[in-house]
Amino acid sequence: MTIKRYDRITPEGTKDLLFGECAARREITERIRTIFEEESYHEVITPGFEFYDVFSASEMYFPQESMYKAVDSRGRIMAARPDSTIPIARIKATRLKGCPLPVRLYYAQCVYRQNPVLRGHSNEMMQMGVELIGESGFRADMEALTLGVKVLSACQGEGYRLELGHVGIFNLLMERLDADEDKKNQIHEMMISKNYAGLSEKLDCFPESQTVEILKGLPRLFGGEEVFAQARALFDGYDRRLVEMCAYLEEIFRALRDTGLSEHLIVDFGLVNQADYYTSLAFQGYIPAIGEPVLSGGRYDNLLKNFGEDLPATGFGVNVDLLSADWMRRKEEKPRAEQKNSCLRIALTKGRLETKTTELFEKMGFDCTNLREKGRKLLLPIPGQNIEVVLAKAADVITYVEHGVCDMGIVGLDTIMEYGGTFYEVLDLGFGRCRFALAAPKGADMYSGYAEKRIASKYPKVTRAFFEEKQMDVQIIKIEGSVELAPLLSLVDGIVDLVETGTTLKENGLEVLEEIRSVSARLIVNEASMKMKKKEIDSLIEAMQKEVE
Ligand code: PRP
């Protein structure tokens with residue numbers, strides 16, 4: 001028997017770099033290194049592997065599942081570094097303990113994270129970044145931001161955007177909201193994904209208050225300098241600390257603007273992606289045609305405490321791989337970026353949602369001839385609108401939007417629940433309404449007997465989450481379609497599936513045992529597109545919302 005050997009390929013999410021790719025990385029790293037060293041930052045290199053304990057206190061930022069682990073010769077668990085800031089905090093609190101403050105450190109090294117498979121994510125990422133430890137306040141924040149601007153401008157040129165936010169605002173509001181941890185987590189998730197409708201619905205369960213009103217408005221507070229006036233109006237009369245945080249953010253914004261950066265600056269009061277890590281000012285950098293932030297940073301005044309030193313700190317990291325790829329693409333003058341930047345690309349789920357969306361577009365006055373007479377074409381321009389529609393399978397809509405090759409997408413909440421991903425979920429379109437349910441042959445008792453039940457579903461993740469919530473072990477079998485067949489053929493005891501009219505269940509002698517949740521079509525938007533093409537995207541969302549209502 002021959003044992004399969006993996007000696008000619010690299011592990012998923014990793015790759016070899018050859019020739020021009022190495023040159024691009026070198027070019028980008030050298031440019032950034034020069035900037036860091038000119039500003040008196042000193043390089044440190046931390047081990048590729050550390051004891052898992054270094055990262056375990058920070059598990060909320062890097063979930064256990066996302067870390068690569070190994071066991072050393074004494075049985076101790078080690079983790080490949082998922083991040084460089086945490087090991088640098090360890091260095092500061094140990095080898096650099098007691099040294100004169102502030103300490104300015106920089107790094108250029110890879111980080112390792114296990115991402116969901118087959119989604120085009122890298123599990124090994126080259127990052128560079130700075131940590132300014134032991135100084136707080138305006139001067140230190142401006143130093144980090146100015147360095148971030150220098151990096152973006154040196155690597156990308158003129159098209160970048162720097163986005164500012166203040167995590168303290170959200171944290172304070174959550175402190176003032178009388179909710180349990182579970183609800184707070186859900187609100188946090190919805191704030192991250194700018195899920196306007198979901199957030200409002202969730203917050204409507206709380207008694208009316210200014211806290212609730214501000215939380216509802218927060219994710220929509222993003223854009224240019226005009227946002228500060230809207231924020232001031234919303235925060236008026238609330239806790240003084242909130243007003244002060246807003247004023248501080250504005251002070252930073254103005255100071256940067258006055259250095260000639262006005263067209264690069266944006267602000268987002270809903271920027272809370274790493275609210276557990278950052279404590280106040282947070283920022284991200286975007287460049288055209290890259291669907292995710294290339295730079296991300298902020299103030300983290302609590303992290304050093306984990307290692308026994310109570311020191312304020314700020315810093316940022318840049319994704320060198322993304323900047324290098326962009327660098328190469330621009331050198332080779334590949335047209336993709338230009339083409340994509342010139343129009344809004346919307347991915348549309350083929351089938352039922354496609355028909356409903358076409359009707360919606362027509363109500364909005366769009367000429368949908370290309371959609372109605374598409375033949376086998378998959379890329380369909382909407383005449384006179386500078387919009388291009390892409391027809392794709394549901395899960396692929398998410399993939400295209402997540403990677404930013406499509407700016408927006410229309411997809412069912414069922415697919416979002418099953419596949420997840422990073423994007424904004426901005427509108428419940430109301431159509432495509434159906435529900436997830438647990439169903440079984442009539443009269444069957446799913447909850448009796450000691451034998452483990454078997455459940456068939458096209459949605460294994462949703463099914464697992466449903467039974468985990470019940471603390472019930474079941475064996476899940478993935479079935480690709482007509483799931484109702486599986487219990488009829490006695491392969492399983494029940495199914496978790498979508499029910500619309502209930503006809504399929506009825507005609508096959510099955511009945512709903514439990515409703516899990518209702519779902520409908522959602523409008524999703526790529527994170528970077530939302531910021532880089534705000535005007536076009538906002539007006540399209542508004543037009544859709546009008547028709548949907
Ligand atoms: C969906 C779902 C059910 C059926 C429910 O399947 O998986 O089978 O529709 O609709 P009803 O309640 O109105 O009868 P779909 O038609 O998408 O086909 P598939 O099962 O082959 O995926």
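Helices (H or I, at least four residues) and strands (E, at least two) are DSSP runs, numbered from the N terminus. The model is predicted: local features need pLDDT of at least 70, side-chain atom pairs count only at pLDDT 80 or more, and totals for chains, interfaces and linings use all residues. Residues are numbered from 1 along each chain as its sequence is written, and side-chain values use heavy atoms, with hydrogens and water left out.

Begin with the backbone. Pro102 sits in the loop between helix H3 (85-93) and strand S5 (103-112). The peptide bond joining Leu101 to Pro102 is cis, with omega at about -5°. Phe19 is not a glycine, yet has a positive phi of about 45°. Most residues other than glycine have a negative phi, and most peptide bonds are trans. Phe19 belongs to the segment before H1.

Helix H1 covers residues 20-38 and holds both Glu27 and Arg31. These two are four residues apart, about one turn of the helix. They form a salt bridge, with 2.7 Å between the closest N and O atoms. The term requires a side-chain nitrogen of Lys or Arg within 4 Å of a carboxyl oxygen of Asp or Glu. Side chains of opposite charge can pair when their charged atoms come close. The structure holds 42 salt bridges.

Polar contacts (here, pairs of N or O atoms within 3.5 Å) follow. A polar side-chain atom of Thr501 lies 2.5 Å from a ligand oxygen. For the side chain of Arg352, an N or O atom is 2.7 Å from a ligand oxygen. Gly502 uses a polar backbone atom, 2.7 Å from an oxygen of the ligand. The protein covers 72% of the 490 Å² of accessible area that the ligand has on its own, by the Shrake-Rupley method with a 1.4 Å probe.

Definitions and conventions:
Polar contact = N/O pair within 3.5 Å; in protein donor to acceptor, adjacent residues only side chain to side chain.
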